[in-house]
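Let us go through this protein term by term. Each label gets checked against its cut-off.

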Amino acid sequence: ADHKIKVGGGTAMYDAVYRTINDKLSKESDQRRKALVLISDGADNSSDATFEETLELAQRHDIRIYCISTNQTMYFDSNTRNHDNKILKQFAEETGGTAAFPAKIADVSGYFRGIGEELRSQYSISYRPTRPNDGTFRRVRIEVPTNRSLKAKSRSGYYSPKPIAP
């Protein structure tokens, strides 16, 4: 018998994130904060969902994405790895999460502790917009007074609800 292993296939990171949000996190009815920890090299070469669609879904459902890159920092000279790490960073920054780029596997547990501490020490701020709901993306910027020891971190914006048809 011929026992060869065929190498091939692809990475569908966007599909994995999209389906996790769509099939699991978006269905949770309680008001708890929702977060997704993505451990990846950031590469995607076979998803049906695009980066933009996946990011929009996360933003619409207020899911914070925390990314831990598996790309080792010594290999950041590669254009591909730099691009993939930028994708992870953008997922995190646009959703109010954090991106981490550990130099060695031993650093990962510290990142998990940091994510847990961050999720336990968040505050919610709300406001009433003057524009009517139209389903569009609205940018948000939070500024902290001159006290340099404080740092505000937030998602980049939110999607207003779409108007309900009569």
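Q: What share of the contacts in the protein with a separation of 6 or more comes from residues 24 or more positions apart?
A: The share is 76%. A contact here means heavy atoms within 4.5 Å. The model is a predicted one: local features need pLDDT of at least 70, side-chain atom pairs count only at pLDDT 80 or more, and totals for chains, interfaces and linings use all residues. Residues are numbered from 1 along each chain as its sequence is written, and side-chain values use heavy atoms, with hydrogens and water left out.

Q: How many helices and strands does the protein have, and what makes a run count as one?
A: There are 4 helices and 5 strands. Helices (H or I, at least four residues) and strands (E, at least two) are DSSP runs, numbered from the N terminus. The order is α-β-α-β-α-β-α-β-β.

Q: Why is helix 3 called a helix, and how does its span compare with the expected one?
A: Helix 3 covers residues 79-95, which is 17 residues; a helix needs at least four, so helix 3 qualifies. The expected span is 1.5 Å times one less than the number of residues. Helix 3 reaches 24 Å from its first C-alpha to its last, close to the 24 Å expected. Just after helix 3, Gly 96 has a positive phi of about 90°.

Q: Which residues of helix 3 are called buried, and what covers them?
A: Buried means under 20% relative accessible area (exposed is over 50%, partly exposed in between; 1.4 Å probe, protein chains only). Asp 84, Ile 87, Leu 88 and Phe 91 are among the buried residues of helix 3. Their cover includes helix 1 (13-23), helix 2 (51-60) and strand 2 (63-69). Across the 166 residues of the protein, 30% count as buried.

Q: Which residues of helix 2 are buried?
A: They are Phe 51, Thr 54, Leu 55, Leu 57, Ala 58 and Gln 59. The cover on the buried residues of helix 2 includes helix 1, helix 3 and strand 5 (157-159). Asp 62 follows helix 2, with a positive phi near 50°.

Q: How do you know that strand 1 and strand 2 pair?
A: Pairing takes at least two bridges found by DSSP. Strand 1 and strand 2 are joined by 7 bridges, so they pair, and they run parallel. Ala 35 has Arg 64 in strand 2 as its bridge partner.

Q: What is the strand order of the open sheet, and what makes a strand an edge strand?
A: The order is 1-2-3, with parallel pairing. Strand 1 and strand 3 are the edge strands: each pairs on one side only.
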